[in-house]
Protein chains: 2
Amino acid sequence: MNLSAIHQTIEENRQSVLDHFFELLRMPTISANPDHKDDLHHAAQWLVQYCQNIGLQSRILHTSGAPVVFAEHCPYPNQPVLLIYGHYDVQPVDPLEQWHTPPFDPTTKGDMIYARGADDDKGQFFSFLKAMEIIYSKTGSLPGNYKIVIEGEEEIGSAHFEELLSSQRELFQADSILIMDAGQFARGVPALVYGLRGLAYFEITCTGPVFDVHSGQFGGGVPNPAFSLIKILSQLKNDQGQITIPGFYQDVQEPEPWERDQMAQLPFQEESIKKELGIRAFQQEMNYTPLESMTVRPTFDICGIWGGYTGSGSKTIIPARCSAKFSFRLVPNQTPSKTATLLLEHLKSIVPPDIDYHVEVLPGIEPIITDPHKPIFTAFNQAIKNHFGRSPVLIRGGGSVGVANLFKRYLVPDSICMNGWGSPDDGVHSPNEHFSINDFFRGIHSTVDFIFEFQASFNRG
Amino acid sequence: MNLSAIHQTIEENRQSVLDHFFELLRMPTISANPDHKDDLHHAAQWLVQYCQNIGLQSRILHTSGAPVVFAEHCPYPNQPVLLIYGHYDVQPVDPLEQWHTPPFDPTTKGDMIYARGADDDKGQFFSFLKAMEIIYSKTGSLPGNYKIVIEGEEEIGSAHFEELLSSQRELFQADSILIMDAGQFARGVPALVYGLRGLAYFEITCTGPVFDVHSGQFGGGVPNPAFSLIKILSQLKNDQGQITIPGFYQDVQEPEPWERDQMAQLPFQEESIKKELGIRAFQQEMNYTPLESMTVRPTFDICGIWGGYTGSGSKTIIPARCSAKFSFRLVPNQTPSKTATLLLEHLKSIVPPDIDYHVEVLPGIEPIITDPHKPIFTAFNQAIKNHFGRSPVLIRGGGSVGVANLFKRYLVPDSICMNGWGSPDDGVHSPNEHFSINDFFRGIHSTVDFIFEFQASFNRG
């Protein structure tokens, strides 16, 4: 295999690669707007054709929403299957007047391509397809088993994608999942995501008198449900940022020493984040850094609270009820269901018997983690080092990624890796979204090496 | 002075007394509705004429709102002046369809008169005027110095009444104030109110990030203003129902043993109140009964709280801000201003330095108390015993009465007493408001005795 010839071909064809990419960027695939239904269908058809041209068996999977592009190349029954996920739909472009160039007329300025979807997510999955294309064109084949899945409703919650995945597990079955919808940790610091936090979400309501009553007439005697509620919630986290529910930390997988070392070396811009968010200080968990607290440690947060009089001036009442929404971010190996059980048990023990409260358990999300020594990570590590001049950092995300959990639930893969070549300041979801041409090409080069390296790791193994 | 002749005259003229009262009740003096402006003026004029007829110098005091009836009889420069307050305006009548008889067509059923304003407040001040009338008609004079003030905007906050009082203190100056706008403690248990709680009211806002942020991305590191807020408020009252602000109880006047004895003997309907309000238990302050906690002890209550996401389902954010309105009911000798000072000092000491919060101090109300051994109480005690067959109970109200504080602030009287003949179940402010004919007449008889008894106490003194 002459890899350098492949890399040379990429470099020799930079303009045609960009022209091809721009063709995709010109399609206004806004999933949120029903007026763009035909554009979504057109893009899906275009992608099916493209996949067909580069050696993949390709087709549209119809849903009651936007079509899903499905392409596969699985000639090696004894080898693992890698599923690559991306989405061809994009965010709306409002406010349009804030764009300096038309969002669907990709424009180059210096190293940057300005267009809606340039980073999120067309640039990411397209770099993978482009790497495949060039390998296929130079070698006449593709090493390894691949399934390509490009959906058209990621920006509106992937609702129909779940229906498809749950009803056709066999079709999607894969050993490794590569979600090409992440990005670098900072410009010039490529990253691989090997874990995500989960979520347990609750709504609590405390009730007092059946109607708001006069706080002069009844204050001091009639229970105040707002006070009951805040007293309960205030007891769930101590001043050290630790959650006080007995057993809550029992299943928590402590970050490994290497993970903490890695995080300590990340270019985490503490001061600039504080400035951007307008906060004076982080409030991390005791014995953990802010970055650790925001990624590998569980949390408790109140997301909303309401009750009683909220207009202007003063109204002297004891409210009839008060509610709050609150959540716990979960880390491996916590689960939403066990968290709910522990919470409800704890509330039973701390809430006085004459306080009326009700807790609604809202849908949760499992945390995700893959051992980052799995081949998908080691292969990317080497490939990225070859082209970015440094190894990617291994990170865990603080939030959740809907499709990652769908894949985990329905396919139970051996590994899930999230990758991408965009940067945090690319303005995804904002006007003037952009993507570095240099990183786009470094991404294609890295993907070529990844494909061969990943394949080689199985032949070695 | 032949008192029995006066009482006999009242009994002989029951029907004409009622007819006269009904004339007043027929006037639809709804102050909240501008359509009734002429009705308010007509009622005021009618009352001025009535006062004129019974030996009082009477006139309208114009305001930019409803007129105030002012009548006086102060021929004795060396004797104290008693100011009697009432209001001729009434609450709206909605929902009209729930009235069994027209609200301004007074209807008698058994012992009850059904009409808007029958209890609140026409029946109360009219009983005083009627007692004066009959004394005047039988004796040709009125014993003592009186100022009668009947306003027309009590039900909409007495806004213009304050303007008048503050600009014409001399005119209203009085030694004792009798507010005829209270009622019996329970039917058959007449009451005199000698104290009211005050109020300190605050709004607190905690701020976090300048905009709502993703609780996955930032949870665990970025301070949650909703949690900061509830942590602060949860620390202001302990599990024993005691307020934890240092110095808060310093100025609190403990209820006297006789006051606690008196309260213990009141027919406080604990079970029926719990049932009506739908609560399982009272939550009184430790070492005090529910009734004591609701009348003679200070309180802390959250009146409203809001922040973050309050729609349906789950939204995973750290809110940018969270606010709450909260109040303390104050008892003698606390003041709103000292309470504010103590609160703000305490917050400085308990809130960590990197929490951003702001407290707005809203207008407060001073608590009120009069020694119930003052002549106005002892005179009423005897007078009521004469006609209700039992002494009135002496009580302190848990709420505030706007005009009581206005009188306290602008006139600095020696005593303030609140009285009335209505009962808690008369349906004031509700459809089918009613008032007992028997209590109305017992009220007139009691007032006659009060007038002579009160006057005699000064002659004795």
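Guide: Start with one bridge. Ile305(A) has Gly307(B) as its bridge partner, and Gly307(B) belongs to strand 11 of chain B. Keep in mind that this is a predicted model. The bridge is part of a strand pairing across the chains. Strand 11 of chain A pairs with strand 11 of chain B, residues 299-308. The sense is antiparallel, and the pairing runs over five bridges.

Now widen the view to the whole contact. Chain A brings 73 residues to it, and chain B brings 73 residues. The buried area between chain A and chain B is about 5700 Å². Carbon and sulfur atoms give 57% of that area.

What about polar links? Between chain A and chain B there are 33 residue pairs in polar contact, counting pairs with both residues at pLDDT 80 or more. On the side of chain A that touches chain B, strand 11 (residues 299-308) of chain A gives the most, with 10 residues. By class, that side of chain A has 32 nonpolar, 28 polar and 13 charged residues.

Charged pairs come next. Side chains of opposite charge can pair when their charged atoms come close. Chain A and chain B share four salt bridges. One of them joins Arg280(A) to Asp356(B), with N to O at 2.4 Å.

Over all chains, the structure holds 36 salt bridges. Take one inside chain A. Arg116(A) and Glu433(A) form a salt bridge, and their closest N and O atoms are 2.7 Å apart. Arg116(A) sits in the loop between strand 5 (112-114) and helix 4 of chain A, while Glu433(A) sits in the loop between strand 17 (415-418) and strand 18 (434-436) of chain A, so this pair ties together parts 317 residues apart in sequence.

Nine residues of domain 1 of chain A contact nine residues of domain 2 of chain A. The area buried between these domains of chain A is about 780 Å², and carbon and sulfur atoms give 56% of it. Across this interface of domain 1 and domain 2 of chain A, the rule finds zero salt bridges. It also finds zero residue pairs in polar contact there, with both residues at pLDDT 80 or more. On the side of domain 1 of chain A that touches domain 2 of chain A, strand 15 (368-369) and strand 16 (393-397) of chain A each supply at least two residues. That side of domain 1 of chain A has four nonpolar, four polar and one charged residues.

Last, some backbone geometry to check. Most residues other than glycine have a negative phi, and most peptide bonds are trans. Asp120(A) and Asp121(A) are joined by a cis peptide bond, with omega about 10 degrees. Asp121(A) is in helix 4 (residues 118-139) of chain A. Another cis peptide bond joins Asp94(B) and Pro95(B), with omega about -5 degrees. Pro95(B) is in the loop between strand 3 (81-87) and strand 4 (107-109) of chain B. His429(B) has a positive phi, near 70 degrees. His429(B) lies in the loop between strand 17 (415-418) and strand 18 (434-436) of chain B.

Conventions: Residues numbered from 1 in each chain as written. Chains lettered and ligands numbered in written order. Heavy atoms only, no water. Contact = heavy atoms within 4.5 Å. Buried area = accessible area lost by both parts, 1.4 Å probe. Salt bridge = Lys/Arg side-chain N within 4 Å of Asp/Glu carboxyl O. Polar contact = N/O pair within 3.5 Å; in protein donor to acceptor, adjacent residues only side chain to side chain. Helix = DSSP H or I, 4+ residues; strand = E, 2+ residues; numbered from the N terminus. Nonpolar A, V, L, I, M, F, W, Y, C, P; charged D, E, K, R; others polar. Pairing = 2+ DSSP bridges.
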